[in-house]
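This briefing is for a reader new to the structure. Please look over the sequence and the model shown below, then go through the points in order.

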Amino acid sequence: MSYRPPKDLDEQARQAKAKLTAHHGMATWGERLVPLAAFREAVAGAGLRLDAESRAAALRSYTGGLRDATPVEGPYSRIAVFGGVYNNHFALAELLEDAVRRGAEVIYCLGDLGGFGPNPEKVRPLLIQGGVLAIQGNYEESLAAGREDCNCGYTDPRDNHFAEISYRYTERNCSPELKAWMGTLPKRRRVQVGSRELLLVHGSPRRVNEFLFRSTSPVPFLEVLLDQQRCDAFLCTHTGLHWHRRLPSGRDVVNVGVIGRPANDGNSHAWYSVLEAREEGLAVELVPLPYDHQALAAEMRRERLPEEFVETILTGWWTTCLEILPARERAASRF
Amino acid sequence: MTEVETAAFPRVSLRSLDTLWFQVGGTVCNLACTHCFVSCSPTNHTHELMSLAEVRRYLDEAVRLGVREYYFTGGEPFLNPEMEAILEGTLAVGPASVLTNGLLLDPARCARLAALADGSEYSLDLRVSLDGWDAASNDPIRGEGTFTRILDGIRNLAAAGLNPVITVTEVCREAATDAGKEKFFQLLRSLGIDRPRLKVLPVFHLGAEAERGGAYESWQRLRESDVPDGGWDHLQCSSCRMATSQGVWVCPILVNEPSAKMGEALADTLGDFPLAHAACWTCHVYGVSCRT
């Protein structure tokens, strides 16, 4: 499949604008003539002013736990969890050895196997060899469903441009068998580590492509998510930046980071996470993962992937998809 | 109006209360922009400034409901003498964004805001409104002499280490084009901001803007048949509410409409809402998100 230019967002905006103005010349009214009576009637008929009982019921259903039939795996005493392979088979091979060295009984992957890096077919044999248990990321979901884009959730035209290059490359170089296999991966897993029940998701427990950055995932928000999901911890990836929060309730939220590219901090290594059962609860370790990034850069160049991507691998600084970073994470960024 | 017609409006349910807005500056502003859909001005007291105590009451409730982020608007938020205390209290529980006209951002205030940002583990974002890349294009909308003063504010923020998002409405027609955006980027780079941030917003044909650019037309309304495949999750009212000095409104757009008030407390407002206002059409067609 040939490369397509980025979607013309300006053209879309122009079309919307044209829609907006197409009816000029028809009868119009000033704001005082906008038929607010219809609006007011629709609102009044909605029963929005709840009585005490229905208010309490609405609150209960809002903050109450959700049903989730996902079977619980384990129990284990030590697991390794990683996300965002982005076709980086060099880092994946390194991780499989490192996790075993660290005594992980089982290795989990939180999805986004493809994109960014070279030769997507090299990833699955390694996953099989390492006995890795995976869930779908937005990449797997999109590839298995034959979607036109990676559903990464970017809005900036430049970010979308590079996201599209990376999705097209992976899409073109994935066999139908690999795509079909991606579609068979579960969307979430539950794993018992010691006495703790962990929920494994890609973006967030709510949406596969929700970004959970440290500076925009406040404690009260995470506590309510854990209440709703009825678990002691949840693990996610998707943003590319690793973090861990021990909450006042004693529960944990971990963004395990990604092994596919560095964490936008000027270092070339990637990150994953090791979780261990301790008497007092869960021990969470965020683990730096050095790998042969020079070899990866060389292979990316052979595959004619954008030099912007190669630069990230070599320097440790992101050059694309920066728009999604919140103010705090962006301030720490080079670009 | 018959029941059938009332029922014909689609309804949006609250998927989750992720974003809580505060009309913290009321409808009081030190400007009277000709395109303001809330018609804010020095004399508009439809909504009054919110006190720290009022904001705290909603923050306490928001914490229990697991709200993810907080936005502050007005009127002009920095006309509120308690604004910095309000931000400090908010940044203790979550990330905050302030929508400002930039006129009250002197170096001392910017330094205090930077200290607030540094003192929190959550993000603080500032959004400064601008409606043109020079005085000739901006000042007719925002007021005589405002262009220079807004740029001063942006410069002061940048000097304090805060990189604001510049918000432009499509009243500036070229802002929707790449060439137009580039003009804003150039302007910001000339101020020493090497990573310029820009957000372009569509126009809501309400308030002062209805007088300036014309109001909604009869066809600009949502019908039940408009429900997209994915439902209404793209509308911000599926994940936000707006707290004001007079109670909680469904969204930041309809604060001038008394019937868009949903209750006194956030817990009153967890139900669904009819997409029966012409402005709902704009949010749908343009995919409006007021978020940064």
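In helix H6 of chain B, the buried residues are B:Thr146, B:Phe147, B:Ile150, B:Gly153, B:Ile154 and B:Leu157. Viewed down the axis of H6(B), these buried residues fall within an arc of 125°, so they line one face of the helix. The model is predicted.

**Helix H6 of chain B**
- H6(B) runs over residues 146-159, which makes 14 residues.
- From first C-alpha to last, H6(B) reaches 20 Å, close to the 20 Å expected at 1.5 Å a residue.
- After H6(B) comes B:Gly161, which has a positive phi, near 90°.

**Nonpolar core**
- The largest nonpolar core has 170 residues.
- Those with the most contacts inside this core are A:Val81, A:Leu200, A:Phe234 and A:Leu235.
- Leaving aside neighbours within four places in sequence, A:Val81 is in contact with A:Tyr108, A:Leu110, A:Leu200, A:Leu235, A:Val256, A:Tyr272, A:Ser273 and A:Leu275.
- In soluble globular proteins, nonpolar side chains tend to be buried together.

**Confidence**
- The predictor gives the complex an ipTM of 0.92 and a pTM of 0.90.
- Chain B has an average pLDDT of 90, and 97% of its residues score at least 70.
- Residues 1-6 of chain B have a pLDDT below 50; in the model this stretch has eight contacts beyond near neighbours in sequence.
- Where pLDDT is low, the predicted coordinates should not be read in detail.

Notes. Residues numbered from 1 in each chain as written. Chains lettered and ligands numbered in written order. Predicted model: local features only at pLDDT ≥ 70, side-chain atom pairs only at ≥ 80, totals over all residues. pLDDT = per-residue confidence, 0-100. Contact = placed C-beta atoms within 7 Å. Core = buried A, V, L, I, M, F, W, Y, C linked by C-beta atoms within 7 Å. Buried ≥ 20, exposed ≤ 12 C-beta atoms within 10 Å, placed from the backbone. Helix = DSSP H or I, 4+ residues; strand = E, 2+ residues; numbered from the N terminus. Expected span 1.5 Å × (residues − 1). Arc of directions from axis to C-beta.
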